[in-house]
Amino acid sequence: MMERRHPSEEPLPEELRGLHDELSAFRCEERPSFGPELRSELARAWAEESVRRSAPWSRHLATAAVVALLVGGAAVPGARASIVRFIGSIGRPGVEAGTPTPDEAKLEVTEPGAAERISRREPSGTEPATMAAVAPASGPAASSNEPVMVAPEMLGRVATEELLQSVYPLALQRRGVGGTVWLRLWVDDRGRPVDAGISRSSGVDELDDAALRAAPGFVFTPALQDGRPVATWIEFPVLFEPDPTEAHAPGRILQPLVDPLSLPTVPRADWWQLSEPLDLERLPEAGDIADADASARDRAAALLEAALSQTDVARRYGPAPSILRGEASGRMAPTEWREAVSGALVEAIDLGMENPASLLALGRIRIRQGLRGEARSLFERGLRMTLREPSLTDAWLVAELHFERGSLLRDRWLGSREVGRVRSEAFAGAQCPAARLSGGAGAGYASVERLVAWNYLCPTAMAHVFGGGYEPANTGSAGDLSLMMASLHAAIEVYPAHVGANTDLLVTLAMYERWDDVLSGARRFTRVSGGHPDGLLLAGLALQQIGRAAEAREHFEAALERMPDADAADLTDLRELLGSAERALYVRLAPAERTAWEDDYWRTRGRGASEAGDARWVEHLARAAFARLRFGTPFGDAGEVWVRFGRPDNVHIVDDGSGRLTEFWDYGSGPDITFVRWVSSKRTELTPEGRAYVDDLGKIYPPQ
Amino acid sequence: MRTEQDVTPKGAEPRHARPEAPLPSDFEAWYVEHRSAVYRYVRFRVATREAAEDVTSVVFMKALKSFPRYDEAKAAPRTWLLRIARNAVTDHLRALQRRGSLHVSLDSIPDLVADVPSHDERVIRQERIQKLLNGSRTLRQADQEILSLRFGAGLDNAEIAEHLRISNNAVAVRLHRALKRLRISVERSAPESMDPR
């Protein structure tokens, strides 16, 4: 936390003094860990910079070694604490550089307080026998008449790291098997590794093989002898460490967005024009987008079949499009189907037959099996493959991988966003005699039971408690939001018509009430997708929110025309607005009769006859549209409340520590409406108390 | 797979107990002494805490890279750092403009608060801060710069004068004018239009 107040140093006019004092009273709360984190980053950067700056051969090889350490990581204490320092020179006077001899290279490993020689074994019989000699730990080692040597430096650290990640056998990762492989490479005078061997095994053959497979992909600057490129040996460790949480993975695929609540920018000349108002009469038919996606799906399914070509899975458990969706088909029990298909997909991975389509399919199955961490790892692995071999996949498949990853991050974000707790001391002075026995408190915070009881017994007192005692938890949701939006941006940037990514991104902006951005994004989405109804719904929602009801109505009508009949019927459904008797009749009507009922309902309330009547109908559609896009349906508990009562004034979300979130939707006077949601679930359901309250409201204040 | 900096070696001391890797001693001292001022300056100019952290990181990374070439005769360390910060902020804002987004929401500034004990008062002050910051972002760059140096970085008039290479008197005049324009900007904005929600 920082604070600095300013004494007034110069006479300011009275009318500015208040402003000056106000600005002087600002405090800026720095994240406590930011300073140490940045300091560590700086120290690392300085260490690399120092090595790079330091003079000739010995320190340059150290650079290569340090870079290599960073590439592979180094969790093994010996390797981690070691700095490989090249003291002697590779080429000695009289020895032609580029012709390795057993004693031409010297390595020393230093650790705090003691030196330790690296033991190594030779990559092949023709290679140098050892790299054995030791030189002083510091100071210029080469004599004045020694040639100036510059060691190879690794290029493309990120790409190398991605490459290593891609060869790390997934089966070993899942089993938590890791290790350090010491590689020894002969780097030619163009900086390319032309021979590779293991100088120290990890003890796991598959890891040793993986490191050797990756080695040809490393790129170095060539070693220089007196400014002339020469071939040379280098040696460094590669660490494979399983990381089931994948806590560090996101940054390797995408960096978080600086401004997460922004719109993506697609590199096409007309991108900005696409946010201009839509000419609804000239929108292309919805069928075009379906056809475009269908051909992309077919190509992905073919890719999946290629991955499974060594098995008969596609024949037995297919068709491939179903497997790609991760959805069970046929008469087999879904659990059994998933087990069989995921087993075959894992086998394909172990055989090195995987590709982005098979990783997408396996990831989707893993989500249904509750292995969300592994699913994310699979999507990221697929994305790395697409980065490494862009020709392998088309844009739709890349977008799908980004979108699935973004969806997992979105779930995590929704599980932590705006979550907080209420300090027990906030109840001091508040009176609610009937609730005195309700629930206890833990570690200074009120229990959820107590909050719910006070909410329904003493809503006024509870409002006071929330007002003074609600503490948002520091859950890191901003980071999740940023990563999630980065994934959605990436999906849209590679495939601008992607329905899921556009919808999730725009709904997120709508949750923050960024209506101008929602409108711009929805117009673009609608255009590039050939008039997708969700784009029109989002545009209509934004227009309704910024007070342009007439335009909103046109967009909603255009959306309804383009939606499947069942979806359109959901949006125009009236049941949440009817009293219980009418509702019972309404839900039994045939579709055509329902439409007639709806027309009558709105006509009697002024639709088509007055601006207010139209506005009311538009608002209903806007609520139903948001409920559908945000909660998946306008008919679930959350959708029902949203359609009936609209957006709450405020929402408090309390985490009871068990993964269960209790939401308090505040609609002004009276109790909040309470919901329960599991962190890993998209469903938001009324608590029993919330259900009773909502039902009672319907009886006391029947919808008009 | 993790990188070296991400993991604590087996059998080693816990990460927090490990001695920090060294920085050049002068730079270390600057970092300790001036990081907060740089961060505050940046935070005053950008929309979110995350952006402020990113830009502050860029500032110190650039400073570290240029550190061997730093010439004390040309500028004091803080002045030098704040100049780098000004350029980094400009780059950041340009990048945002290119992406067409300079919005700030109340959600994004919970770290900027006024020092008041009451929760209600604090909320009201946060909204006021939001309005003032939005207002300041409508001012010309020179005004934003002087307000950020004064109220963000916490420089007094003499320090601002050194930083901008102008006289103390000119600083007082510019500050006065910037405050005046800010007041007008805030007053002109209707409450609902100031609030991006």
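Tutor: We shall take up confidence, then a sheet, then a pair of helices. This is a predicted model, in which local features need pLDDT of at least 70 and side-chain atom pairs count only at pLDDT 80 or more, while totals for chains, interfaces and linings use all residues. Residues are numbered from 1 along each chain as its sequence is written, chains are lettered from A and ligands numbered from 1 in the order in which they are written, and side-chain values use heavy atoms, with hydrogens and water left out.

Student: What is the mean pLDDT of chain B?

Tutor: The term pLDDT is the predictor's confidence in each residue, from 0 to 100. For chain B the mean is 72, and 71% of its residues reach 70 or more. Chain A averages 74, with 75% of the residues scoring at least 70.

Student: Where does pLDDT stay under 50 in chain A?

Tutor: One such stretch is residues 54-146 of chain A, for which the model has 193 contacts (heavy atoms within 4.5 Å) beyond four places in sequence.

Student: In what order do the strands of the open sheet in chain A lie?

Tutor: Strands of a sheet pair through backbone hydrogen bonds, either parallel or antiparallel. Helices (H or I, at least four residues) and strands (E, at least two) are DSSP runs, numbered from the N terminus, and two strands pair if DSSP finds at least two bridges between them. The order of this six-stranded open sheet of chain A is S16-S13-S17-S18-S19-S20, with mixed pairing. Strands S16 (470-472) and S20 (685-686) of chain A are at the edges with a single partner strand each, so one side of each lacks a neighbour in the sheet.

Student: How many bridges join S17 to S18 of chain A?

Tutor: Six bridges join strand S17 (residues 650-655) to strand S18 (residues 660-666) of chain A, and the two run antiparallel. Val654(A) stands opposite Thr662(A) in S18(A).

Student: At what angle do helices H19 and H20 of chain A pack?

Tutor: Axes are lines fitted to C-alpha atoms, for helices over the stretch in contact, and angles run from 0 to 180 degrees between N-to-C directions. Helix H19 (residues 499-511) and helix H20 (residues 515-528) of chain A pack at about 165 degrees, their axes 8 Å apart. H19(A) is therefore roughly antiparallel to H20(A) (an angle over 145 degrees).

Student: Which residues make the contact?

Tutor: Among them are Leu506(A) and Leu509(A) of H19(A), and Trp515(A) and Phe525(A) of H20(A).

Conventions. Angles under 35 degrees count as roughly parallel, over 145 as roughly antiparallel, 65 to 115 as roughly perpendicular and the rest as oblique.
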